[in-house]
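The points take up single helices, helix pairs, chain interfaces and confidence in turn.

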Amino acid sequence: MNKRLIKSKLLYNYLCDPSALVGSFILVVFIFATLFAPLIAPQNPYDLKKVSLEHFLKPPLWMKGGEPPFLLGTDDQGRGIFSTILYGCRTSLTVGFGVLIIAGTFGITMGLLAGYYGGHLDSVIMRLADTFFSFSTTLMALLMLGLFKQRSVLVVIIAICIADWVRYARTMRGSVLEVKEEVYIMAAKATGAQDFRLLLRHLLPNAIPPIFVVMAVDLAVVIMLEATLSFLGVGVPLTEPSLGMMISIGKDYIYAGMWWLVVFPGAALVLLVVGINLFADWLREELNPKIQR
Amino acid sequence: MKRISILLFLGIFIGTLLILTGQAIGASSIVVAVDTPPRTMNPHGSDADANLSIMANFFEGLLQRKAPEGNLFPALAVRYEHPDLLTWKLYLRKGVRFHNGNPFTAKDVKFSFERLSNPDVSEFINTGKSIASIDIVDDYTVVIKTKDPIPWFANNLHQIYMMDKESTDARDPGEVEVKPIGTGAYKLVEWVKGSYVKMVANEDYWEGPPPIKNVELMPITESSTRFAALVSGQAELVSGVPVELYEKVLQNPKLEVITRPARRSIFLALGNKPGSPMEDIRVRKAMYMAINEDEIIEKIMRGHAAPAAQIPDPPTIGYNPEIERLSYNPEMARKLLKEAGYTKGFEITLSGPNDRYVQDEKIAEAVARYLAKVGIKVSLDVKPKSIFFPQVARGELEFYLIGWFDGTFDMGRTYFKLAHTRGEGFGELNGTNYSDPSIDTLLGPTGSIVDREKRKTVLQDLNKMAMVDKIVWIPLHYQQDIYAIQKGKGIKFQPRPDRWMVFKEISK
Amino acid sequence: MVTYITRRLIQGVVVLLAVSFICFIIFRYSGDPVVSLAGRYATFQEREMVRKAFGLDRPFYIQYTRFIANAAQGNFGKSFVSRVPAFGLIMERFPATVELATSAVFIAFVLGVVLGVLVSLKPYALRNRFIMAGSLFNISIPTFLTGILLIMVFAVYLGVLPPFGRGETVTIGFWRTGLLTWSGITHLILPAFTLGMYQLAVLLRLTRAGMREVLTEEYIKTAWSKGLPPRKVIFKHALRNALIPVVTMTGLQFGELIAFSIVTETIFQWPGMGNLLLISIYEADQPVIVTYIMLAALIILSLNIIVDVLYAYLNPKIRYE
C-alpha cells in the first residue's frame, strides 16, 4: 500500500475518533501548561523566597476568605494551589516519563531478547526480573535515599525503575513468544534474514502493541507510586511538590474541611491520567491488526 | 395476681442488677488509642518513651513519677541515701509480689541492673555500664556504686524496671519479650502485635488495685485514622491528636480536648566549623533573628506550642528564666550578615526528620524560607529518622532540626551529649561537631556536683552563656501534647509531662 | 513439563540467594540500627561494643554468609526491635495479609471480569461508557487517598463500617482468622475494597480489551454461524482465550498484594506483613527486612511458576522446552 495513503488513513481515523481527540487535547493542554508554567502561574511555588506563611490555608477565590491572586486557594505553606499544580505537573510528568523511558527501554530490550532467544538467556533474564521485582519500591526508595543522602527527583526515578522494568520485560516476552510462531516471522527467517534485522523490523513492531497498554497504565502507576512514596516520606523534595505530593500533604486536612488541598490536585491528576489513557487506547487499537472496525 | 407481682418484682430486680453491673463493667474498662505500637514486653528492650509508657503499667522502678507534674515518689524503694559521690543505698518495699506470686527482693534488683549491660536484651547499655557494683546487704537493702559520679542517677530510676530473676532466668528469651511479669498495677491479658494490648487490673497491687479494671490499648499510626477512631466512638481516649484537626475536635460536642505543655523542645543545631560562616556570632544571631517563630507557632503548630528561649523546660535543673528569645527582625538579620561580610548570603543544608516530631518537616520548610528571605540559600534535606539519626550520631551534618527532652529533669546529661566537643564519653549526639573549649571547661566539673542548689546555679550560668553569648543552638518552641476523650463517660485523665499513659492514674 | 518445573525451582533458589545478597549490600549503605540498639545515651565505646555484639562490624559479605548458613538451618535471626525470631514475627502476621489480599483479588477478579465481559459486548451503550469512565477514574487515584476517603464516608459520616483494625478474630491452630466473626468480616470490607479497587479497574480493562480482540477472530465467527447459543460462544470460547492475559495479571498482582500491601495496611492499621515491613524499614530492623524480602521473593516466584504453567495450558501455541 502506498505510504501516503497509509498516513492519510491514520490521520483520517484519528480525526474521526472522539476519544482520541479528547485524549490528545487534554494531553496538549497539560504539556502546554507544564512548558509555560513560569509564564502562566501567578507565583513560582518552588522558589523559597516568594512563598510566605502569611497566606496559608486560604480557600479558593470564590469562597469567603479567598484572597487574590490565589485562584484556587493556598496550601499550608502558603503556596498557591493553582501555581503548584502547574509546577507539580512538571515534576509528576518528569518522574513519569523518566521512568517510562529508562525502565521501558531496558525492559523492552530484555523482554525481546528473552522471548526470542529463549533457553538460558531467557532463564537468566527472567530470574533477574524476579529478583528485582521482589524488592518493594519503598525499600528501594529508602536505599536510594541512604545512598544519595538527599531526596531528589532523580533518586525517585531510579528507585521506581529498579522494579518497574520487570513489567515491560514480562509483557514483551509474552508477546514475543506469541508472535515468534507467526507465519510471517517464519517466512522471514526462511528467506535468511539476519537476527538483528528480524528483531527490529519484524518482531518488534508486531510484538509491541501490548506494550502501549502497559505504558499507559504504567505512567499512571508511576505517578501514583511517587505519590505513595511522598505519603511515606521518601518521595520528591518537600520544596518541589509533585501532584502526588500535594495530595499527600492535603490528605491531613480532609477532616478539617479544607477540601481544596486535595480536590484540585486530585482532579488534575485524574484528568492527566484520563488524557493519557484515552490517547493510548486509541493508539493501541490503531496498531492492532486483529480488531476489525 | 400474686404470681404476676412476684414476676414483676423479680423482673425489675434482675433488670436493675443487670443495668448496674452493666454500668460497673462499662465504668471499669476503657479503650485507648495511641500513636505508637509497643515493640516488646521486655522492659529493658527499648528505651523509647512510647514503649516505656506501656511498660509502666506492668513493671515498676525503684522510684516512680506521678501526674501531673512528674515528681519523683517512692515505688519499689521506700527511700534512698546518697552517702558519697559514687554510692546509692536503697531500702526496698516489703511485701510486694510479682504477677506470678514470687516475692520482690534485693536479688531481683541486682539481677535487673546487671541485665542492663547485655546488648542482647537491653538498650540501656549506658546505664548498665555506668554501674561498678551492686551489693545485697540483706533481702530489702541494696547498695549500688557507680564508676563515675552521676548526679542524676536517682532521677533516672523511674524508667529502670525491676524484673523477677527466677522466672526471667527460667523462661525462653523469646517469651520474656512477649509475656511481661512485673510488679505493676496491671497484668497482660493478650498482645496481638499490630492490633491491641489488653490488660487487666492486678488486684494484689501493693498500692491498691487500680480503679479501671480492663484496658484495651490500640496503636493507630495514621493520624487521620486515629481521628476517625475517636469520632466514630471506637476509642474513648486518644493520645496524639494532630494539630490541624484540633479545631474539628473542639467543635465536636461529643469530644473533649485536653492539652498540656510538653517537655520536648524543638530547636536547630548549628555547627561552628572554623572557616564556615556559622563561626561568626553575628551570622548565628542573624539566622536566629531571621526566623519568625511566632508565625510558625501560629500557622504551622496552630497555636499549640510555646516559644522557647532554651532547651531545658521550666521544671528542669538548669532552666534559666532570665534567658529571652531574640525577636524576629529580618532587617537586623540582613544588617548583621552584611557586617559579617555575607551580603550575598551563603549556602547551607538544613537536615531534619520527617516522621518524628509534630510538623517537623513543615517547620524545617518554613525555616528554610525565612532564611531564604534574608539571602541565605537553604537546601532542604528532610528524611526518615532511620537515616537522619545515625547521621546525627556520626556528626555528619552542618545544620539540622531536632527535638529533645531529658527524663532526668537535669540539664547536665543533655549538655554532655549535645554540646560538648565530640570525644570519648562526650558529644555522642553532637551532630554538627560543634566545638567550643570554653563550654567544655565549664561543663566538665558539673559531673561531680551533687548539691542541688549548687548544680542549679552552675548549670544556669552555663545555659545562659551557651544561649546568649554563643548561640550554641537556635531554640524554636516547646511542643504541646494534645489528647481527646469522649465526653459523658466520666473519664478523669491528667496528662503527664513525659506523655506516658499510666492507667492506674486514670479513672472513669 | 516436570523438568521445566524442576529447573524453575532450582533457579528459584538462586534468586533467593541473590535477593538476600543485595539486601546485605543495601544495609551497608542505608540505616544504622546500632544507634537505636545501644540506647540514646550510649558512648562511642558502648556503641562499638554493641556493634560487635551483633556482628555488625564485619564486612557485609561475611554477614551475608553467616546469615545464609543460619538460614539454611531455619534460623533467620532475631528482630532488632522486638528481639524475637524474625521468621516467627512475619509468620504471625501472614494470615492477616493473606485474608486481605485474597479478598481484594477476589473482588477485583470477579467484578473485573464480569464487568469487562459486559462492557465488551456493547461498547457504546451508555451504561458501559459509565463503567469504563469509572474504571479510568479508579486507576487515577492513589490507594492511600481511596482508603482515607472510604473511611471518611463509611466510618465517620455514615458510621456503618469500622475505620480500622481486624475486629474479633478466631484462632484455629496457628491461623488467626477474621472470617468467622461478623465483626471480622465488617472490618475486612473497607480495606479489601481499597486494595482491590485499583486491580479491579485494571482487570476490567484487560478483559474488555481481550474480549474485543477475540470476538473478531475467525473461530468465533465460525461458532456464531454454527448457531451455538450466545452464552456458550462468549464464555466457553471467547472468554477462555481472552482470559490469558487477565489470569497472568491476576497471578502477578496477587503476589504483589501479599508482598506489598503496605499502604492499605498502614491506613487501616491492619496487622499484616506489609505493616511490619514498613516499621522494619523505618527502624532499620535488618533481620526482619531480609527475611521478609526473601519470603516475598518466594511467594512471587511460586506464583510466577504457577502462572506460567497455567499459561501454557490455556494457550497451546506456547511451548516450553
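Predicted model: local features only at pLDDT ≥ 70, side-chain atom pairs only at ≥ 80, totals over all residues.

1. H5(A) packs with helix H4 (residues 81–117) of chain A at an angle of about 145°, the axes lying 7 Å apart. The crossing of H4(A) and H5(A) is left-handed. On the H4(A) side the contact is made by Met110(A), Leu113(A), Ala114(A) and Tyr117(A), which meet Gly119(A), Leu121(A), Asp122(A), Ile125(A) and Met126(A) of H5(A). By class, the residues of this contact are seven nonpolar, one polar and one charged.

2. Chain A as a whole has 12 helices and zero strands, and its pattern along the sequence reads α-α-α-α-α-α-α-α-α-α-α-α. Of its 293 residues, 54% count as buried. Among chain A contacts between residues at least 6 apart in sequence, 69% join residues at least 24 apart.

3. Chain C has 13 helices and two strands. Its C-alpha trace spans about 85 × 60 × 35 Å along the principal axes. Of the 321 residues of chain C, 52% count as buried. For contacts in chain C with a separation of 6 or more, residues 24 or more positions apart account for 71%.

4. Helix H1 (2–29) of chain C can be checked in the manner of point 1. Its 28 residues should span 40 Å at 1.5 Å a residue, and the end C-alpha atoms of H1(C) are 41 Å apart, which agrees. The buried residues in H1(C) are Arg8(C), Val15(C), Leu16(C), Val19(C), Cys23(C), Ile26(C) and Phe27(C). An α-helix has 3.6 residues a turn, so residues three or four places apart point the same way. Just after H1(C), Gly31(C) takes a positive phi of about 75°.

5. Helix H5 (residues 86–121) of chain C packs with H8(C) at an angle of about 35°, with the axes 6 Å apart. The crossing of H5(C) and H8(C) is right-handed. Their contact has 21 nonpolar, seven polar and three charged residues.

6. Which element gives the most to the side of chain C that touches chain A? In this interface, 40 residues of chain C are in contact with 39 residues of chain A. The elements of chain C that give two or more residues to this side include helix H6 (126–139), helix H7 (143–157), helix H8 (182–215) and helix H13 (286–314). H1(C) gives the most, with seven residues. The residues on this side of chain C divide into 30 nonpolar, seven polar and three charged.

7. Towards chain B, 43 residues of chain C are in contact with 43 residues of chain B. H2, H3, H5, H7, H11 and H12 of chain C each supply at least two residues of the side that touches chain B. H3(C) gives the most to this side, with five residues. By class, this side of chain C has 24 nonpolar, 11 polar and eight charged residues.

8. On confidence, the model scores ipTM 0.82 and pTM 0.85. Chain C averages a pLDDT of 84, and 95% of the residues score at least 70. Among the elements of chain C, H10(C) has the lowest mean pLDDT (73), and helix H3 (residues 44–53) of chain C has the highest (91). H10(C) is also among the elements listed for the side of chain C that touches chain A.

9. For chain B the mean pLDDT is 90, and 95% of its residues reach 70 or more. Where in chain B is confidence lowest? The lowest value falls in helix H1 (residues 2–27) of chain B, at a mean of 57, while helix H3 (residues 106–115) of chain B has the highest, at 96.

Conventions:
Residues numbered from 1 in each chain as written. Chains lettered and ligands numbered in written order. Contact = placed C-beta atoms within 7 Å. Helix = DSSP H or I, 4+ residues; strand = E, 2+ residues; numbered from the N terminus. Nonpolar A, V, L, I, M, F, W, Y, C, P; charged D, E, K, R; others polar. Axes fitted to C-alpha atoms, helices over the stretch in contact; angles between N-to-C directions. Left-handed = near helix turned anticlockwise from the far one by under 90°. Buried ≥ 20, exposed ≤ 12 C-beta atoms within 10 Å, placed from the backbone. pLDDT = per-residue confidence, 0-100. Expected span 1.5 Å × (residues − 1).
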